[in-house]
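Please look through the sequence and the model below, beginning with the place where two chains meet and then turning to one of the partners by itself.

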Amino acid sequence: MDIFINFISWFLLVGGAFFCVIGSIGLLRMPDAFTRLHAASIIDTLGFLMVMLGLIIQTGLTLTTLRLLIVVFLIFFTSPVAGHALANAMKHRNVKPVLHEDKWLNKLKSE
Amino acid sequence: MPLFLSSSSVLFIFWLILSGHYTPFLLVIGIISCVFIVILVVKMEILDDEALPIKFLFSAIKYWPWLFGQIIQSALNVAKIIINPNLPITPTMIKIKPLQETDVGVVTFANSITLTPGTISVEIDNDNILVHAITRDNAFDLEQGVMNEKCKRFEGKKNNV
């Protein structure tokens, strides 16, 4: 039973780390600031959620579990606000998003 | 007065979770500080119905599991796009008209859009939300309005809020 719980929680921890790495790769590969935000949002949803679930299973039913749940709720309420604030600031500073009609993107892809 | 009692008890439960030390002396100090904070908040006149959204609890229990499923699904989609060597993105800007009537409903909808990877709410003007989506399919899915409907149901009837 112990091995089983350890297996699940380590699977979640490693999977969360894997998605954090994918999000970071996306952050580097994407062409402009708006699309980079999309890549970053993988990190603080799926990556973060899997790491936290792994930690919750690892601690078992203690007071620490409740504290971890509070952290999960905090991040799930604050991270969209931060993402929206960043996008809104870019809009106000007239940062032009690269849209799919643009030639620049097609050129970038054909290279 | 019911708002006063319920907010101090929620604060005290929060204190109990964070503290972990349950001697009588510390418990009394915890109760005193919770009540003191709520008195301060009342003096600042920022304690209203929005400060303690208990009435959304039941609709949240229905809405959050659906939202979690949606988040996992679209996070996997965006992860696939990132790994793909061709980087098949078609960034799109669209305007979505929110169906919700209250401020809480619109904020829930805009936050759900941002929380789902692949779509970000950029700007909210009078009656439209400007959304940036990473592929055209994401934008179309959002335009179908499933999430919009669910948020409409989440906010409930207007006279309740």
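**The contact and chain B**

In this predicted model, the contact draws 30 residues from chain B and 30 residues from chain A. On the side of chain B that touches chain A, at least two residues each come from helix 1 (2–19), helix 3 (57–83), strand 1 (92–96), helix 4 (103–115) and strand 2 (119–124) of chain B. Of these contributors, helix 3 of chain B gives the most, with seven residues. Sorted by class, the side of chain B that touches chain A is made up of 19 nonpolar, nine polar and two charged residues.

Seen as a whole, chain B holds six helices and three strands, and its elements follow one another from the N terminus in the order α-α-α-β-α-β-β-α-α. Chain B is more spread out than a compact globule, because its radius of gyration is 21 Å, well over the 15 Å that the globule rule gives for 161 residues. The C-alpha trace of chain B spans about 65 × 40 × 25 Å along its principal axes, and 28% of the 161 residues of chain B count as buried. When contacts in chain B between residues at least 6 apart in sequence are considered, 66% of them join residues at least 24 apart.

The mean pLDDT of chain B is 84, with 95% of its residues reaching 70 or more. Within chain B, confidence is highest in helix 2 (residues 24–43) of chain B, at a mean of 91, and lowest in helix 6 (residues 146–155) of chain B, at a mean of 83. For the model, the scores are ipTM 0.81 and pTM 0.82.

Notes. Residues numbered from 1 in each chain as written. Chains lettered and ligands numbered in written order. Predicted model: local features only at pLDDT ≥ 70, side-chain atom pairs only at ≥ 80, totals over all residues. Contact = placed C-beta atoms within 7 Å. Helix = DSSP H or I, 4+ residues; strand = E, 2+ residues; numbered from the N terminus. Nonpolar A, V, L, I, M, F, W, Y, C, P; charged D, E, K, R; others polar. Rg over C-alpha atoms; globule rule 2.2 N^0.38 Å. Buried ≥ 20, exposed ≤ 12 C-beta atoms within 10 Å, placed from the backbone. pLDDT = per-residue confidence, 0-100.
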